[in-house]
Amino acid sequence: MVTLVSQENVVTLVSRTGRELQRYRKGRRQVVGCIPYRYKISDLNSLEAPEELEVLVITSQKGKGMLFPKGGWELDESKKEAALRETIEEAGVQGIVGGKLGKWSFKSKTHNTLYEGYMFPLLVQEQFEIWPEQNVRQRIWV
């Protein structure tokens, strides 16, 4: 018996690694990420639109602080595709990626190099029980 599985609901359990496909601009590594959010539903019987938001933060790999999922923008992806991929890998959620929220520059604490980052809002539609970095990160809705 053969079972067909839709690719839409399958998450690869391996994160991309390496810097060979990373994008750089003027010597700065390009990174992208999402601010995952959802509407808090307090009363399931209410007809009113939910107004309160929750955002999802994750622990750093070393567990010293909370952050939004982000990572390298690779050559074979658009900014939004890369931001969603990083969010799936690091936070185990997916949904609708909105328009760019902004851009910032920062210096890496570990690699002593400059980065340019782009962030997008992500309206979470699905939260996975199993995701690539679940063993090295915790996720918390706040």
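The accessible surface of the protein chain comes to about 9,500 Å², and carbon and sulfur atoms own 53% of that area. Keep in mind as you read that this is a predicted model.

**How the chain is built**

Let's walk along the sequence. The chain has one helix and nine strands, and they come in the pattern β-β-β-β-β-α-β-β-β-β. Which parts of the chain touch each other? Among contacts with a separation of 6 or more, 66% are between residues 24 or more positions apart.

**The largest nonpolar core**

In soluble globular proteins, nonpolar side chains tend to be buried together. Here, the largest nonpolar core has 15 residues, and V32, V93, F120 and L122 are those with the most contacts inside it. Which elements give two or more residues to this core? They are β2, β3, α1, β6 and β8, with β8 giving the most, namely four residues.

Leaving aside residues up to four places away in sequence, L122 touches C34, I35, P36, Y37, L84, T87, V93, Q94, G95, I96 and V97. One of these partners, V93, is also among the residues with the most contacts inside the core.

| Residue | Relative accessible area | Description |
|---|---|---|
| K26 | 77% | exposed |
| I140 | 35% | partly exposed |

Why is K26 called exposed? Its relative accessible area is 77%, and exposed means over 50%, so K26 qualifies. As for its place in the chain, K26 sits in the loop between β1 (24-25) and β2 (28-39). The backbone here is worth a look too: K26 has a positive phi of about 55 degrees, although it is not a glycine.

I140, by contrast, belongs to a strand, β9, which covers residues 139-141. Why is I140 described as partly exposed? With a relative accessible area of 35%, I140 falls between the cut-offs of 20% and 50%, and therefore gets that label.

Which residues does I140 touch? Not counting residues up to four places away in sequence, they are V55, L56, V57 and M66.

Technical notes: Residues numbered from 1 in each chain as written. Predicted model: local features only at pLDDT ≥ 70, side-chain atom pairs only at ≥ 80, totals over all residues. Heavy atoms only, no water. Buried < 20%, exposed > 50% of the residue type's maximum accessible area, 1.4 Å probe, protein only. Contact = heavy atoms within 4.5 Å. Areas by Shrake-Rupley, 256 points an atom, 1.4 Å probe, with all protein chains shown as cover. Core = buried A, V, L, I, M, F, W, Y, C linked by side-chain atoms within 4.5 Å.
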